[in-house]
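Subject: Handover of a structure

Dear colleague,

Please find the sequence and the structure below. My findings follow directly after them.

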Amino acid sequence: QEQLVESGGGLVQAGGSLRLSCVASGHTFSNLAMGWFRQAPGKEREFVASITWSGGGTYYADSFKGRFTISRGNPKNTMYLQMNNLKPEDTAVYYCTAGPSIVLVEDHWGQGTQVTVSS
């Protein structure tokens, strides 16, 4: 089955860390870039970061540089988002995505994983 499946969300205190994972299943995702988006309650969905298939290229929204790190696993169908120094405003549903390039990663979406940061 062709799908993106996120995991690793949960409840964490402010200042803590979480690592989200995404596994891409199926040939559809071979050689595609992958990315992370998030949507907080009452807010629009926003781009977080993306990474090339090889893992050699990354792209971050400015507001996440320095705190969040995107990486690719081995095998290449796995992707991670390391989130450090989490803040209550990071509370959101985080989505794994895939697409043809690091600036076009919205073709495919996972179901999302909830991250809740308590103050």
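I begin with the charges. The protein chain carries 9 positive and 9 negative charges, and their mean positions lie 7 Å apart. In this count Lys and Arg are positive and Asp and Glu negative, while His and the chain ends are not counted. Each charge is placed at NZ of Lys, CZ of Arg, CG of Asp or CD of Glu.

Some notes on the basis of these values are in order. The model is predicted, so local features need pLDDT of at least 70 and side-chain atom pairs count only at pLDDT 80 or more, whereas totals for chains, interfaces and linings use all residues. Residues are numbered from 1 along each chain as its sequence is written, and side-chain values use heavy atoms, with hydrogens and water left out.

Turning to the fold, the protein chain has eleven strands and zero helices. Both are DSSP runs numbered from the N terminus, with helices being H or I of at least four residues and strands E of at least two. The protein chain has a radius of gyration of 13 Å, close to the 14 Å from the globule rule for 119 residues, and is therefore as compact as a globular protein of that length. That radius is taken over C-alpha atoms, and the rule is 2.2 Å times the number of residues to the power 0.38. Along the principal axes, the C-alpha atoms fill a box of roughly 40 × 25 × 25 Å.

Buried means under 20% relative accessible area, exposed over 50% and partly exposed in between, with a 1.4 Å probe and protein chains only. Of the contacts between residues at least 6 apart in sequence, 55% join residues at least 24 apart; a contact means heavy atoms within 4.5 Å.

- Pro-75, in the loop between β7 (68-72) and β8 (78-83), is joined to Asn-74 by a cis peptide bond with omega of about 15°.
- Asn-31 sits in the loop between β3 (18-25) and β4 (33-39). Although Asn-31 is not a glycine, its phi is positive, at about 70°. Asn-31 counts as exposed because its relative accessibility is 56%.
- Asn-85 belongs to the loop between β8 and β9 (92-99). Asn-85, also a residue other than glycine, has a positive phi near 50°. With a relative accessibility of 43%, Asn-85 counts as partly exposed.

Yours sincerely
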